[in-house]
Amino acid sequence: MTRGRPIDAFDDLTRARYLEAVAAGVRLGEAAQAVGVHRNLPAYHARRDLEFARAVEEAVALGKERRGIRHGEAAYNEGRCRCTEICTPAATAARARRRARQSKKDDGATDQSATGADGPAAAPSSPLPFSLRSPLLPPRPRAA
Ligand SMILES: [Zn+2]
């Protein structure tokens, strides 16, 4: 197995997302986790990269007033936070879970208009060992 050096994982995009999360009030360790890097990695980079260190400081200052928000689905739903690192994905995932659960419960009874589904959505037997059914996808046509 190849194991990328951790340094490589902290590219510009990841840095930007990390800074965004911190600016949203996410704690540093949590922000690192949210963008998928080790919690010590940003500090490591900040020690070597003064510009980045300054950016982190700025983000922390920005995030201070929003600190105390508990990031997550609730924060998103209550309009307290729309950060793209935690709250938005949490709300999106929760919504998808709810819809998946609901469409499982009353199969096909929920709105079909958005998906443009034709015919019953129920696909009783799947050739796969797991379900690929997603509320975002129209039902797979069944091979005759
Ligand atoms: Zn948030």
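**Exercise 1.** In this predicted model, state what share of the contacts with a separation of 6 or more comes from residues 24 or more positions apart.

*Solution.* Residues 24 or more positions apart make up 42% of the protein's contacts with a separation of 6 or more. The elements behind this fold are seven helices and zero strands, in the order α-α-α-α-α-α-α from the N terminus.

**Exercise 2.** Describe the largest nonpolar core and find which elements supply it.

*Solution.* Begin with burial: 19% of the 144 residues count as buried. The largest nonpolar core has 21 residues, and those touching the most other members are Y18, A21, V22, V26, A31, V35 and C83. Next, assign members to elements: at least two residues come from each of α2 (12-23), α3 (28-35), α5 (50-64) and α6 (73-77). The top contributor is α2, with five residues. Finally, look at the domains: domain 1 (6-64) and domain 2 (73-105) each provide at least three residues of this core.

**Exercise 3.** List the contacts of C83, leaving aside neighbours within four places in sequence.

*Solution.* The partners of C83 are E20, A21, A24, V26, H71 and T88. Of these partners, A21 and V26 are also listed with C83 among the core residues that touch the most other members.

**Exercise 4.** Are α2 and α3 roughly parallel, roughly antiparallel, roughly perpendicular or oblique to each other?

*Solution.* Take the axes: they come within 9 Å and cross at roughly 140°. Angles over 145 degrees would count as roughly antiparallel, so α2 and α3 are oblique to each other. The crossing of α2 past α3 is right-handed.

Notes: Residues numbered from 1 in each chain as written. Predicted model: local features only at pLDDT ≥ 70, side-chain atom pairs only at ≥ 80, totals over all residues. Helix = DSSP H or I, 4+ residues; strand = E, 2+ residues; numbered from the N terminus. Buried ≥ 20, exposed ≤ 12 C-beta atoms within 10 Å, placed from the backbone. Contact = placed C-beta atoms within 7 Å. Core = buried A, V, L, I, M, F, W, Y, C linked by C-beta atoms within 7 Å. Domains from an automatic or database assignment. Axes fitted to C-alpha atoms, helices over the stretch in contact; angles between N-to-C directions. Parallel < 35°, antiparallel > 145°, perpendicular 65-115°, else oblique. Left-handed = near helix turned anticlockwise from the far one by under 90°.
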